[in-house]
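Here is my note on the structure you asked me to look over. Please read the points with the structure open beside you.

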Amino acid sequence: MENLVIEGCEIPLDKEGFLRNLNDWNPQVAEALAAQENIVLTEDHWDVIRLLQDFYREFELSPAMRPLVKYVAQYLGPEKGRSIFLMQLFPPSPAKIGSKIAGLPKPTNCL
């Protein structure tokens, strides 16, 4: 995958489009990564992105789908803590695509 270029700055990505350096992440980078996935970020997306980053800070890894669903349910309630809700936000793989947009490493169990 090519690197992102935002306001003249080149941001290195790995072959799957994940940031090589987590410190390169900012909201503009998130918007650009989301655009590559044909996703327009809404407040619901940002809520989940913040939770993904919180999860990473707490556990030092990107969550797989099941832990992500439980974590979202814990903090955003049972209506949003459902696979179907997350699939609508980050198709086709919420854990993988959400982590990518949040600037996190690829979850270890994602293909």
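Which residue does K106 form a salt bridge with? The first point gives the reply, and the others follow from there.

1. This is a predicted model. In it, K106 forms a salt bridge with E16, and the closest N and O atoms of the two are 3.1 Å apart. K106 lies in the segment after α5, while E16 lies in the loop between β2 (9-11) and α1, so the pair ties together parts that are 90 residues apart in sequence. K106 counts as partly exposed at 24% relative accessibility, and E16 also counts as partly exposed, at 25%.

2. The whole structure holds 7 salt bridges. Another of them joins E37 and K100, with 2.9 Å between the closest N and O atoms. This pair also links distant parts of the chain: E37 is in the loop between α1 and α2 and K100 is in helix α5, 63 residues apart.

3. R50 counts as partly exposed, at 39% relative accessibility. Salt bridges with shared partners join E16, K96 and K106 into one network.

4. Next, helix α2. The helix has 17 residues and spans 24 Å from its first C-alpha to its last, close to the 24 Å expected at 1.5 Å a residue. Its buried residues include W46, V48, I49, L51, L52 and F55, but H45, D47 and Q53 are also on the list of buried residues. What covers the buried residues of α2 includes α1 (27-36), α3, α4 (83-89) and α5 (94-101). Just after α2, E60 takes a positive phi of about 60 degrees.

5. Now the aromatic rings. The count comes to 5 aromatic pairs. In one of them, F55 and F59 are tilted, at 4.6 Å centre to centre and 45 degrees between the planes. Both sit in helix α2 (residues 43-59), 4 residues apart, so about one helical turn separates them. F55 is buried, with a relative accessible area of 7%, whereas F59 is partly exposed, with a relative accessible area of 40%.

6. F55 also pairs with Y71. Their ring centres are 5.0 Å apart and their planes lie at 85 degrees, so the pair is edge-to-face; the cut-off for that label is over 60 degrees. Because F55 lies in helix α2 and Y71 in helix α3 (residues 65-76), the pair ties together parts that are 16 residues apart in sequence. Y71 is buried, with a relative accessible area of 7%. Ring pairs link F55, F59, Y71 and Y75 into a cluster.

7. Last, is S99 buried or exposed? S99, found in helix α5, is buried, with a relative accessible area of 0%. A polar atom of the S99 side chain lies 2.7 Å from the backbone oxygen of A95. Leaving aside neighbours within four places in sequence, S99 is in contact with F18, L52, S62, P63, P94, L104, P105 and P107. One of these, L52, is among the buried residues of α2.

Technical notes:
Residues numbered from 1 in each chain as written. Predicted model: local features only at pLDDT ≥ 70, side-chain atom pairs only at ≥ 80, totals over all residues. Heavy atoms only, no water. Phe/Tyr/Trp six-rings, centres within 6.5 Å; stacked < 30°, edge-to-face > 60°. Helix = DSSP H or I, 4+ residues; strand = E, 2+ residues; numbered from the N terminus. Buried < 20%, exposed > 50% of the residue type's maximum accessible area, 1.4 Å probe, protein only. Expected span 1.5 Å × (residues − 1). Contact = heavy atoms within 4.5 Å. Polar contact = N/O pair within 3.5 Å; in protein donor to acceptor, adjacent residues only side chain to side chain. Salt bridge = Lys/Arg side-chain N within 4 Å of Asp/Glu carboxyl O.
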